[in-house]
Amino acid sequence: MAKVELSIDGAKLNISISEIPRHSGSTVYMALAEDNLSSDIEKGENAGRNLSHVSVVRQLRGISRIESARSNYTGIINLAAEPDWNTDNLKVIVFLQENSTRVIPGVSRTSFDAPTNGKPG
């Protein structure tokens, strides 16, 4: 398994991935996910119910491709939340996925502690 380490410094996410096992090329992805969401259902079989949701992915993006010869990666990316997201309920998840097999040899998560839309607050 790859070792994925994350730290947040202001609006920047520092990513360090080491010990990447032999691979034919991989991609680093970052997801922002929000907990404690709910939906009031008006129609259908769940009409009148309130459904709770956890780990709703608000943003998913590819960060970097890693060539097969590499066994580590470091990078820094900017983080920002949309104004209607509850940052107290957000988490950052970074995972490494092998391109050909789709195996995920490493993953980590941390609490979101960055500005909303790149602005303090």
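Reader: What does lysine 91 touch, not counting residues up to four places away in sequence?
Author: Lysine 91 touches Ala31, Leu32, Ala33, Asp35, Ser55, Arg109, Thr110, Ser111 and Phe112, where contact means heavy atoms within 4.5 Å. This is a predicted model, in which local features need pLDDT of at least 70 and side-chain atom pairs count only at pLDDT 80 or more, while totals for chains, interfaces and linings use all residues. Residues are numbered from 1 along each chain as its sequence is written, and side-chain values use heavy atoms, with hydrogens and water left out.

Reader: And is lysine 91 buried or exposed?
Author: Lysine 91 counts as buried because its relative accessibility is 12%; buried means under 20% relative accessible area, exposed over 50%, and partly exposed in between, with a 1.4 Å probe and protein chains only. Its side chain makes a polar contact of 3.3 Å with the side chain of aspartate 35. A polar contact is a pair of N or O atoms within 3.5 Å; within protein, one must be able to donate a hydrogen and the other to accept it, and residues adjacent in sequence count only if both atoms are side-chain atoms.

Reader: Where is asparagine 89 found?
Author: Asparagine 89 is in the loop between S7 and S8, strands being DSSP runs of E with at least two residues, numbered from the N terminus. The C-alpha atoms of asparagine 89 and aspartate 35 are separated by 5.2 Å, although the two are 54 residues apart along the chain. The side chain of asparagine 89 also joins that of asparagine 36 in a polar contact of 3.2 Å.

Reader: Switching topic, how many aromatic pairs does the structure hold?
Author: The structure holds one aromatic pair. The rings of tyrosine 29 and phenylalanine 95 have centres 5.2 Å apart and planes at 20°, so the pair is stacked. For Phe, Tyr and Trp (its six-membered ring), rings pair if their centres lie within 6.5 Å, and planes under 30 degrees apart count as stacked, over 60 as edge-to-face and the rest as tilted.

Reader: Which residues have the most contacts inside the largest nonpolar core?
Author: They are Leu13, Ile15, Ile17, Met30, Leu79, Val92 and Val94, in a core of 21 residues. S8 gives the most to this core, with four residues. Such a core is a set of buried Ala, Val, Leu, Ile, Met, Phe, Trp, Tyr and Cys residues joined through side-chain atoms within 4.5 Å.
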